[in-house]
Amino acid sequence: MGTLLAFAGRAKVPRQECNLLDERFKVVARVLDGERIGALCRELGISRKTVHKIISRYVMPADGKD
């Protein structure tokens, strides 16, 4: 079976299944804790644009207005 998976291009280490919403909250929490966005992007393999989009969706201004 291992050779079949290698042939299919799936011989990579499987990613741990997780809830996408939970992962987005983790990104927001790490940024709010002061972690640098560039370092976070490199670690997670996502773009800065994606991180900024996630933050804009989950962080509201202090007065509650958009």
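**Figure 1. Surroundings of Arg-30 in the predicted model.** Setting aside residues up to four places away in sequence, Arg-30 touches Glu-35, Leu-40, Glu-43 and Leu-44. The model shown here and in the other views is predicted. Arg-30 belongs to helix 2. Its relative accessibility is 25%, so Arg-30 counts as partly exposed. Between the C-alpha atoms of Arg-30 and Leu-40 the separation is 8.3 Å, with the two residues 10 apart along the chain.

**Figure 2. Glu-35 in the loop between helix 2 and helix 3.** The contacts of Glu-35, not counting residues up to four places away in sequence, are with Arg-30, Leu-40 and Glu-43. Arg-30 lies in helix 2, and Leu-40 and Glu-43 lie in helix 3.

**Figure 3. Packing of helix 2 against helix 3.** Helix 2 spans residues 20–32, and its axis comes within 10 Å of the axis of helix 3, the two crossing at roughly 150 degrees. An angle over 145 degrees counts as roughly antiparallel, and helix 2 and helix 3 are therefore roughly antiparallel to each other. The crossing of helix 2 past helix 3 is right-handed. From helix 2, the residues that meet helix 3 are Val-27, Arg-30 and Val-31; their partners in helix 3 are Ile-37, Leu-40, Glu-43 and Leu-44. Sorted by class, this contact holds 5 nonpolar and 2 charged residues, and no polar ones.

**Figure 4. Packing of helix 3 against helix 4.** Helix 4 covers residues 48–58; helix 3 packs with helix 4 at an angle of about 110 degrees, and their axes are 9 Å apart. Helix 3 is thus roughly perpendicular to helix 4, because angles of 65 to 115 degrees fall in that class. Helix 3 passes helix 4 in a crossing that is right-handed. Which residues make the contact? On the side of helix 3 they are Ile-37, Gly-38 and Cys-41, and on the side of helix 4 they are Arg-48, Val-51, His-52 and Ile-55. The residues of this contact divide into 4 nonpolar, 2 polar and 1 charged. Ile-37 is listed here and also in the contact of helix 2 with helix 3.

Figure 5. Helix 1, residues 2–7, has the lowest confidence in the protein chain, with a mean of 46. Where pLDDT is low, predicted coordinates should not be read in detail. Confidence is highest in helix 3, residues 37–44, where the mean is 94. For the protein chain the mean pLDDT is 77, with 64% of residues at 70 or more.

**Figure 6. The protein chain as a setting for the close-ups.** How many helices and strands does the protein chain have? There are 4 helices and 0 strands, and the pattern along the sequence reads α-α-α-α. The protein chain has 66 residues, of which 15% count as buried. Taking contacts between residues at least 6 apart in sequence, 39% join residues at least 24 apart.

Note on methods. Residues numbered from 1 in each chain as written. Predicted model: local features only at pLDDT ≥ 70, side-chain atom pairs only at ≥ 80, totals over all residues. Heavy atoms only, no water. pLDDT = per-residue confidence, 0-100. Axes fitted to C-alpha atoms, helices over the stretch in contact; angles between N-to-C directions. Parallel < 35°, antiparallel > 145°, perpendicular 65-115°, else oblique. Left-handed = near helix turned anticlockwise from the far one by under 90°. Contact = heavy atoms within 4.5 Å. Nonpolar A, V, L, I, M, F, W, Y, C, P; charged D, E, K, R; others polar. Buried < 20%, exposed > 50% of the residue type's maximum accessible area, 1.4 Å probe, protein only.
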